[in-house]
Amino acid sequence: MNRFMNLRVTALLISVVALVTLPFWMGGIYYVNVASQILFYAVFALGLNVLVGYAGLVSLGHAGLFGIASYATGYMLQLGYGHTESILVALIIGVASMAVYAVLSLRSTGIGFIMITLALGEILWGLAYRWISLTGGDNGINVPKRPAPFGYSLGNASTFYYTTLIVFLLAVIAMAVFVRSPFGASLRGTRDQARRMTALGYNVWLIRFLAFLLSGFWTGVAGLLYVYHKQFISPQVAGLQTSAEVLLMVISGGTATLLGPIAGAAIVVVMKNIVSAYVERWNLVLGIVFIAIISFMPEGLVPGSVRLWRMGVQAARAQVARAKITALKRRRRRLSP
């Protein structure tokens, strides 16, 4: 166990060092931008994982909430407000929208919950597409420039990457605290035994509602990073495809884990931005990868990899033990008269 913990700490340190030094060894601005996309989509996936992994509530409408924060930022900037005011208003609108989303969708669970979230997501996409005076319709909203907090311009790829990395690390730390908190434990209880939690005096609806707000906050943060990265927002980002892709990130990487959504985000973003340049039907490749993960690692890529690693270590130890026993038996035979 201690050896496994040491291995985890070493892997974590190597990962942090690799992320911090990435702009120096990653070749080309394009790939640095792809790394930024992986980070803010990982934040988005971590936010969705609060519901899918820890609450057991599968949402197919999170892209609409992701788009609300992005549109709110772009619209506020178009009205002439500064970046600080735009970001604060966007986060408030995003969390408030999530509160309404939660009140409507928590009326049901299971398939009913999925269908309600799907319908709400499609309503938000339709508003983004048809409410041209507010969203610009297909023309979208342009963001003329990125902010420069404390005089630190985010105009180039490296500075924006480091800002995204800081937000990403804060999201991971916040999620780690959440998972180990009493609130995280109570949320997992509502996922596994909702009736028993109610019998014990817990307000299951309120716990899930607060989980929605936490998910909505980080979804809004990811939406802010998206709109400043692209400097453009259109209805496409609020569509069902985006919701499905982020849900795929969570499921393929491993639900109810911290590293799973991050690994899933890396897989999907790399497929969309790098593999698609070499493979015309990259969606087919992504589907094959997803089927392979579900077939051989139904718990997800990260938990499945850990399971296979432990099985390999146990098999290696058993092989070494058998080899020692065989050698000992041979030695006894030689020494016996």
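**View 1. Aromatic cluster around F40 and Y226.** In this predicted model, ring pairs join F40, Y41, F44, F66 and Y226 into a cluster. A search of the whole structure gives 14 aromatic pairs. In one of them, the ring centres of F40 and Y226 lie 6.1 Å apart with the planes at 85 degrees, so the pair is edge-to-face. The F40–Y226 pair links distant parts of the chain, with F40 in helix 3 (residues 29–55) and Y226 in helix 11 (residues 204–230), 186 residues apart. Both F40 and Y226 are buried.

**View 2. Aromatic pair of Y101 and F212.** The rings of Y101 and F212 form a tilted pair, 6.0 Å centre to centre and with 55 degrees between the planes. This pair also links distant parts of the chain: Y101 belongs to helix 5 (residues 83–105) and F212 to helix 11, 111 residues apart. Y101 counts as buried because its relative accessibility is 4%, under the 20% cut-off. For F212 the relative accessibility is 0%, so F212 is buried as well.

**View 3. Charge over the ring of F160.** R146 places its charged end over the ring of F160. The distance from that charged end to the ring centre is 4.4 Å.

View 4. V268 lies in helix 13, which spans residues 259–273. With a relative accessible area of 1%, V268 is buried. Leaving aside residues up to four places away in sequence, V268 touches E245, L248, M249 and L286. Of these contacts, M249 is 19 residues from V268 in sequence, and the two C-alpha atoms are 6.7 Å apart in space.

Terms used. Residues numbered from 1 in each chain as written. Predicted model: local features only at pLDDT ≥ 70, side-chain atom pairs only at ≥ 80, totals over all residues. Heavy atoms only, no water. Helix = DSSP H or I, 4+ residues; strand = E, 2+ residues; numbered from the N terminus. Buried < 20%, exposed > 50% of the residue type's maximum accessible area, 1.4 Å probe, protein only. Contact = heavy atoms within 4.5 Å. Phe/Tyr/Trp six-rings, centres within 6.5 Å; stacked < 30°, edge-to-face > 60°. Lys NZ or Arg CZ within 6 Å of the ring centre and 35° of its normal.
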